[in-house]
Amino acid sequence: MMAAGALPGSVLADEAKPADKTPAVELPAFPADKSVKQTTVLAGKTVAYTATVGSLPVRDEKGKKIAEVVFTAYTLDGPRDPNRPVTFAFNGGPGAASVYLNFALGPKRVQFGAEGDSPSAPTRLQDNPASWMDFTDLVFIDAVGTGFSRSLTTPEETKKRFYGVKQDIDYLSRVVFDWLVKNERLPSPKYIVGESYGGFRGPRLTYTLQTDYGVGINGLVLVSPLLSSAGRTAQEISPLPAMWTLPSIAAAKLERDGKLTPAAIKDVEDYTRGEYMVDLMKGSDPAALDRLTTKVSAMTGLDPTYVRRAGGRLETQSFLREVFRQTGRLGSRYDSNVTSLDPFPYSPEQEINDPILDSIIAPTTSAIVDFTTRTVGWKVESRYEALSGDVNQAWDRGRGPDTESVTDLRKSVSVDPKLKVLIVHGYNDLSCPFFASRLVVDAMPATANGRVTLSNYAGGHMFYSRPDSGAAFRADVKKLYGAN
């Protein structure tokens with residue numbers, strides 16, 4: 001994901017461009033870790049906690065420091081409860097800082113990602129009613145190249161050591177281990193939450209920590225993840241790309257009509273994995289195309305001529321222009337009901353970046369930098385990278401097993417019979433569609449029944465930007481943690 005973890009060309013984009021071989025530059029030293037006491041009100045109760053911003057080193061085989069990873073931690077004040085969990089949070093991209101989950105789950109929030117939100121709106125932090133702070137400590141980790149986290153070596157070596165599927169998991173697992181040891185939290189219950197590509201990271205981090213570092217993970221929350229590359233194959237051959245996206249497109253229409261219900265979504269899912277899939281596989285059969293045109297047009301509200309021309313297979317970016325063409329607006333792939341004006345309505349191609357991605361950078365960056373440097377007092381001479389296109393372009397996405405994390409999800413659940421996994425999505429998300437995870441969950445072995453579950457909410461990739469969806473998400477997570 002992108003956004004709150006997602007950038008165009010996320011898990012499975014084209015090959016990265018060649019790395020720059022420019023020598024590493026001399027960087028000012030990071031300050032020592034800094035903390036501040038704060039409070040927030042949750043469910044009518046005042047929660048006192050300490051916010052800490054600091055960094056952890058990443059070292060090479062010879063012990064040389066080659067990177068510094070910045071974290072923001074929120075820990076409950078008072079005597080330490082050995083049963084209080086600690087949760088490690090990662091966003092995605094690749095190239096997204098953890099600021100998005102920070103303002104979704106942390107004790108404070110700033111509004112972003114919903115229809116009508118303005119990049120120039122005030123960014124004063126408010127108490128977050130959807131925070132998890134009352135039942136877990138929280139540690140938000142920025143991967144190298146995001147936030148203030150940085151490599152201390154050359155661009156070529158940085159790409160080799162940090163910007164790829166396997167190396168990403170290798171050093172981030174060590175960062176989690178080092179934080180636990182430094183803060184004497186190895187005995188605590190431990191959870192991981194990842195959004196978008198962070199959700200792709202989640203199962204791999206869990207399995208690596210279980211088997212390489214001897215750190216058991218009690219629970220895993222995957223927010224708007226894309227767990228497999230199967231639906232990104234050529235749609236001329238496979239029905240999966242069209243199957244993944246149709247339910248989200250239909251859900252957005254149901255929401256616009258005020259008819260979004262679990263029962264309505266169930267009908268969409270049943271059609272998608274039944275008659276729709278069968279008709280797609282019949283190719284150019286006229287009767288199948290007639291059925292597809294009639295049904296898909298009714299489900300999505302799209303012009304039948306457009307649907308027939310597309311063969312019933314709705315490509316995301318084309319759909320986002322087509323559905324709002326009469327109003328001169330563009331929909332977002334992260335929530336197709338969040339729109340912006342199309343500045344080039346007569347262009348054959350979309351000429352601007354995604355409406356949500358462009359709008360969330362200013363409020364989140366201003367808020368987190370002000371919090372870090374002024375409120376906490378962790379002063380740093382560096383630019384903050386909320387969404388780094390350079391990291392995304394340089395990423396080595398691998399091939400074969402490296403393009404999915406379903407294998408590690410199954411293995412980590414198998415290794416620990418008490419591990420519980422909650423996968424969550426917004427219905428309108430086209431970047432990481434909920435139906436992809438529905439197919440993953442339904443295909444899990446019977447022995448995992450009840451331990452890997454899926455919850456969906458109104459909204460898109462960052463469904464938590466909507467108060468009702470954020471509250472429902474918080475309630476589902478509390479159940480996973482066994483919190484009262």
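This is a predicted model: local features need pLDDT of at least 70, side-chain atom pairs count only at pLDDT 80 or more; totals for chains, interfaces and linings use all residues.
Two packed helices are described by the angle between their axes and the distance between the axes. Helix α3 spans residues 165-182, and helix α4 spans residues 197-211. The two pack at an angle of about 65°. Their axes lie 9 Å apart. The crossing of α3 and α4 is right-handed. On the α3 side, the contact is formed by V165, D168, I169, L172, S173 and V176. These meet Y197, F200, R201, R204, L205, T208 and L209 of α4. By class, 8 residues in this contact are nonpolar, 2 are polar and 3 are charged.

Y384 lies in a loop, between α10 (355-375) and α11 (389-394). Y384 counts as buried because its relative accessibility is 10%, under the 20% cut-off. Beyond residues up to four places away in sequence, Y384 touches A97, V99, D142, G147, F148, T365, I368 and V369. T365, I368 and V369 are among these contacts, and α10 covers residues 355-375. G145 is 239 residues from Y384 in sequence. In space, the two C-alpha atoms are 9.4 Å apart.

K108 belongs to strand β5, residues 108-109. This lysine has a relative accessible area of 16%, so K108 is also classed as buried, under the 20% limit. The K108 side chain reaches the backbone oxygen of T39 at 3.0 Å. T39 is also one of the residues that K108 touches, leaving aside those up to four places away in sequence.

How values were computed
Residues are numbered from 1 along each chain as its sequence is written. Side-chain values use heavy atoms; hydrogens and water are left out. Axes are lines fitted to C-alpha atoms, for helices over the stretch in contact, and angles run from 0 to 180 degrees between N-to-C directions. Helices (H or I, at least four residues) and strands (E, at least two) are DSSP runs, numbered from the N terminus. A crossing is left-handed if the near helix is turned anticlockwise from the far one by less than a right angle, and right-handed if clockwise. Contact means heavy atoms within 4.5 Å. Ala, Val, Leu, Ile, Met, Phe, Trp, Tyr, Cys and Pro count as nonpolar, Asp, Glu, Lys and Arg as charged, and the others, Gly among them, as polar. Buried means under 20% relative accessible area, exposed over 50%, partly exposed in between (1.4 Å probe, protein chains only). A polar contact is a pair of N or O atoms within 3.5 Å; within protein, one must be able to donate a hydrogen and the other to accept it, and residues adjacent in sequence count only if both atoms are side-chain atoms.
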